[in-house]
Every structure is written in C-alpha cells, then in structure tokens.
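Hi,

Here is the structure I promised to pass on. Have a look at it first, and then read my notes below.

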Amino acid sequence: MKLREYEAKNVIKEAGIPVPAGFLIRSADELTPHLDVLGDAFVLKAQVDVGGRGKAGGILMAGKTDGAKIAKDLFGRQIKGLPVKEILAEQRLDIQHEYYLSITVDRSSRQPLILFTEDGGVDIEITAKEHPEAIRKAIANPLMRDIPLFMLRELIGTAPKEIGPIINKLYRIFIEKDALLAEINPLVTTPQGVYAADAKLIVDDNALGRQGFKVNRDLTDREREAEKHGFSYVELNGTIGVIGNGAGLTMSTLDLIEFYGGKAANFLDVGGGAESERVMHAVRLVGSVPSVKVIVVNLLGGITKCDEVARGIIAADIPQKVIVRLAGTNEAEGRALLLEKGYEMLDTMDLVVKRAVEVAA
Amino acid sequence: MIYGDKKTGILVQGATGKQGEFHIGLMNSYARHVGGTGVIAGVTPGKGGKEVHGVPVYNTVKEAMRDHDIAASVIFVPAAAAADSIMEEANAGIQTIVAITEHIPVHDTMKAVAYAKMEGCTVIGPNCPGLLSPGEVKMGIMPAGLFSRGNVGVISRSGTLTYEVVDELTRAGIGQSTVIGIGGDPVIGQTFVDVLEQFKDDQQTKAVILIGEVGGNLEEEGAKSTDLPLVSYIAGISAPPDKRMGHAGAIVEGGEGDARSKIARLRKMGVPVASRPSEIPAMVRDLFQGHC
C-alpha cells in the first residue's frame, strides 16, 4: 500500500531526514495560522491516493494573499475522480541541485537494491534508458542493520557528504517499515542544507497489520469485500466474470478470454480448498458487478473438491449464465449436481472460455 | 530428478496443523506408492511426543534431526512464524527447505533466504506448491495423480496453472523429470536461474518448460543462463499495470515486468513461447524433434 505524501514525509522526518516545513489542512480556513511560516510562495498538494496528480491539477502554487482562495478551489476539485479531503501546504525550497535516491527489493539478488544518481528530479526511467551509467547501484545485506560506509562512499561519488547518512537513514526506514519501495525524488541541496523535497513509501501488503494499518487503501470497495472472504480480486472493465483457483490459472483464463476476442470483467482467485459457501460468495460477488453478462468458472481440483464447488455455484443462484469447467477431486459428483440443474459444462479451459466469449457477444 | 529422490527423508514443520496433517498423509501415501522414504518426522513447538499419521512429532528441528536422517523439509507454518522456521531448519543443517506458506512479509523472506544462504542451504518458495519428481518423491502439495515420469522438467511461479500444464503433458504422453513450483512472491529462494542450473546436471532432463507470469524479469534471466532446450508460457498478458494479480509478485510496476515485453524478450532469445497452455505439448514435441 502506498502511503500518502504527508505520511511518508512524517516517517522520514521522524527518522531525521530534513523535509520542507509543511502543514496538513482539511479546510481552507486551517491554512491561516500557518501563513507566516509558509512565507510568500508555497505549494498546495492534494493528498489523494492516485498517481499523476500533478498533471491532473492536484498541485498548485500559492502565496500569502491568494493562498486561502486557491486552497478553497483545490478542496472543491476532483483529482482523477477522487475528492480532495486533505491538502499538504508546503514551503518552497531554494533548490540548487536535485538528486534521486531509492531503495527497492531486488528480485534477482533477493536483497535490498539502492539506486542513487546525481541527475535527479527528471524522469528516472528516462535517465535509466539514456544514461544508465549515471545511476549508481548497491546491493545491501538484509541481515545488516546499516549500509557499510564504503558502499555509501561508492554511491554518493562527488555529491555532498551529508547525503551518505541520509541514504543510511532511508535504508533503516526501508527495513523497519516493511517497505517495498522507499524513494526520495528529488533529494535537493539548498543554501540551508539537504532536503527531501518529495518522498514515496510503499508498504508490503503482507505487513500492513504489524505496521499498524487496518485497511489497504489501494483496494476498491469491492476488492476489499473480496479480501474479507479471502479472495484475490481485481476489477477490470469487460463483460465476462472470471472465477478460478490459483493466481496463475485465473490469470491464464483472463488471457484466454482476450485470445478469443472477449473482455474480462474481473479476476477472482478463490484460493485452494474452497468450500461451497466460499464459492457461493465468489459467484455472488462477481454476479453483483453490473457489466457482467456471463461468468466462467475454471477450477482444477487438487485440494478443491468439485462437488463442493458445484454446490456453491447452485446456492449462489444468480441471474447471469454460469459456464463451468471442473476437473479433479470428486469431478463426477460435481458434474452430476450441475447437470441436474441445467448448467453448461465444458471439458477444457479453451472450450469454456470460447463458449463464454460467444455468450457475451 | 533434482532436489531429492526416493531416499530423501523429509521433515514437516507445522505438522499438527490442518494443512500439515493433511499433506503428511498425501506425501506418505505417494512415498508408499513409489517405495520411497517420505515424511519421517514432524515439528510443532509444544506438541512434541504426538504422532500424525504414525509420524513422530518433535518440539524442535534439532530434536528431530537427532533421531532421524533428514535431508529436506516442507513448511506449513503460518506466515508470521514461517521465516523463523526456515532459519531454524537452516541452522539445524537441513539441505533443502520447501516453504509452502503464503503471505510472508517480503522483508522476513529476504532475511531468511540470506540466512539460509549463509548456512549453505537451499530454500524453495515461499508461496509455492513444492516439487514432485514422478516415481521418486513428492515434497509439497501437488496432486500426484496428474503426473507421469519422463524427461521434461517444469519450473513455474504458480500452482494450479502448473497442474493444468502437467495434465496436458501427461495426456499428450510427455512425462516429467521434476516439476517444481518456485513461488509467487517477489523474493523467492530458488529462481529460474538456480533451478535451471540443477537441471543442467540432471541426466534425466532433456528439455525444460518455464511457466512464468507478470512481474520482474527472472524468466528472461533464466532463459539467458542455460543451454537446455526451453519452451515457455507467460501468464498475465491481460493484467493491468500496478495491480497485484493474486500473487504478491505478479505485478507490473513502473512499466516493468509486463507479459508482452517478457514474451518478446524470450522469443528474441530463441525460446518458443506458447500463447495458451494447451499449445505447450506440441511445442515440446517440436523441440524434441529439433534438438534431442
């Protein structure tokens, strides 16, 4: 789950990395007491859980006289469909140079990967493509609490020495906060010293509990509802509902829908060993999506018993057509139950998907 | 076959839990079927002295190691304690550790994998179905009925999709040497590169199927690392960016790890990539006619 900017900045400020003076406001009136500290020119940043907010009009420049008016205007806007409930009012920095710093989980080495470049601020993906040599890399040992000094020296090169300790502080945040990404872009030098002008933290969804988060804000309402039942669920925008067991098989079913010219409405993985009640909830959840015309159920029973699945589908009793492919444990019993109720069943995933695409067309 | 054979003595951690108990039963019925050793000890702290399907349960891994000749383990411990179980086994000297558990925080896995490496042990998973070498050994949760013995290795990031492919292979008369699920998490102990390294030295394996999905570039790294004949399938061509598709590791992030570019890179390396699982058997047969 991605933290909001002010949350990420609070975390790094507490760790001792300087951030610009900033105040979180929930109405335009709340800005007034902070105007003296913010000074003549400051930034108003909408705190919405969506990427690309700058281009969508979520970041505005303001001054002492027009600040309240601009804040009021921003509170009235929607950024990519999301209402603005919180704004971070932040001092503008007198920037001399911009650097880029990030720490991620490196899949190849299975260790934390630190990236630093003296060409910060601009799009890091472009730098990575055009000047890969400008990005310095280091792999840290996850069993060590700190990054060794030689590694810090190699990373910062000719950049100011104060940046070394900042990299190590961000590394400790990365470890302690269960981060998948800890990024400061840009990290800037000013006449007053080094500051994190922007910060991004993504916390591992599997560690939200121990990090004190009650809900995963990255999920939509229906995705959260699915999570309560223990389903992995992703909303898409087609007409064919998809229920499978196992992430790979369910993904592969979505791909087959595309292969045969259809559009999937969702991805729902019921997980292993699903009993009839769970299957019923899954079918009802997918059936509740207004755009769904037909549902494909593709279950390969190992631990999952086909008769349980059949009972769940029948109990769900939804208006849309449900087309089923069942294979594995107790297959004959499952098929008999569905046949009796007139459900359409096909033997392979190719056949069941092809048929669903026909029905949806 | 790789990572173990008939003689491999297996320990199960989380032996008295619902999953552990269920799968000790299945693993040992497979061991009886092939005349193998199977699961010979279980561990659940505080449950020492009990038995599960006739298998003695110990409080610690070290106690179990004192009484038995154990070379591999399968972990069914809940996510909060699973990384600790990996380290306990590595510390006790178990060579091959299969972690079935899903939802282990990535930082816990990073530490456990680094620790196991330090101890010279191999970790398979986490968030994986384990492995099965037909006619030899089953370490994990794969449904044995679908498998047949032969010369094709299978490496996969998923569970049921692997069973789908194995089912297709068996129906087409193509047997398997070892089928291994390496796990759906971003950090896993054995990647495609590591498993392909093992297959390289395995006389039985003549070709390998790589079943990948969106997220990272470990499939390409694997393909680049080996001379073995390969066939691949990548799931998630229809996966939207920045959404986790069921597996913690199945996510297209920052424009990287999407299925189309993976497939393009694999094809550029000369690896045939199937558009559907059902195309795989024919592609494997073509491979055998060409190379083997």
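A:Asp178 counts as buried at 3% relative accessibility, where buried means under 20% relative accessible area, exposed over 50% and partly exposed in between (1.4 Å probe, protein chains only). This residue also has a positive phi of about 55 degrees although it is not a glycine. You will find A:Asp178 in the loop between helix H6 (163–176) and S10 of chain A; helices (H or I, at least four residues) and strands (E, at least two) are DSSP runs, numbered from the N terminus.

Some housekeeping before the rest. This is a predicted model, so local features need pLDDT of at least 70 and side-chain atom pairs count only at pLDDT 80 or more, while totals for chains, interfaces and linings use all residues. Residues are numbered from 1 along each chain as its sequence is written, chains are lettered from A and ligands numbered from 1 in the order in which they are written, and side-chain values use heavy atoms, with hydrogens and water left out.

More on the backbone: B:Tyr3 has a positive phi too, about 70 degrees, and is not a glycine either. B:Tyr3 sits in the segment before strand S1 (9–13) of chain B and is buried, with a relative accessible area of 12%. There are cis peptide bonds to check as well. One joins A:Asn185 and A:Pro186, with omega about 5 degrees, and A:Pro186 lies in strand S10 (residues 179–190) of chain A. Another joins B:Gly125 and B:Pro126, again with omega about 5 degrees; B:Pro126 is in the loop between strand S7 (122–124) and strand S8 (130–133) of chain B.

Now the interface. 44 residues of chain A are in contact (heavy atoms within 4.5 Å) with 60 residues of chain B. The area buried between the two chains is about 4000 Å², and carbon and sulfur atoms give 58% of that; buried area here is the accessible area (1.4 Å probe) that two parts lose on being put together, summed over both. Across the interface of chain A and chain B there are 21 residue pairs in polar contact, both residues at pLDDT 80 or more. A polar contact is a pair of N or O atoms within 3.5 Å; within protein, one must be able to donate a hydrogen and the other to accept it, and residues adjacent in sequence count only if both atoms are side-chain atoms.

Which elements give two or more residues to the side of chain A that touches chain B? They are strand S8 (111–117), H6, S10, strand S13 (232–235), helix H8 (247–259) and helix H12 (349–360) of chain A. H8(A) gives the most to that side, with ten residues.

On to the charges. Side chains of opposite charge can pair when their charged atoms come close. I count a salt bridge when a side-chain nitrogen of Lys or Arg is within 4 Å of a carboxyl oxygen of Asp or Glu. The structure holds 39 salt bridges over all chains, and the count between chain A and chain B is seven.

B:Asp194 forms a salt bridge with A:Arg110, the closest N and O atoms being 2.4 Å apart. B:Asp194 lies in helix H6 (residues 192–200) of chain B and A:Arg110 in the loop between strand S7 (97–106) and S8 of chain A, so this pair joins two chains. B:Asp194 is partly exposed at 23%, whereas A:Arg110 is buried at 13%.

B:Arg276 counts as buried at 19% relative accessibility, and B:Glu279 as partly exposed at 22%.

Within chain B, the side chains of B:Lys262 and B:Glu219 meet in a salt bridge (2.3 Å, N to O). B:Lys262 lies in helix H8 (residues 259–268) and B:Glu219 in helix H7 (residues 218–225), so the pair ties together parts that are 43 residues apart in sequence. B:Lys262 is buried at 0% relative accessibility, and B:Glu219 is buried at 0% as well.

Last, A:Ile240: this residue is in strand S14 (residues 240–244) of chain A and is buried, with a relative accessible area of 0%. Leaving aside neighbours within four places in sequence, A:Ile240 has contacts including A:Ile257, A:Val294, A:Val296 and A:Val357.

Cheers
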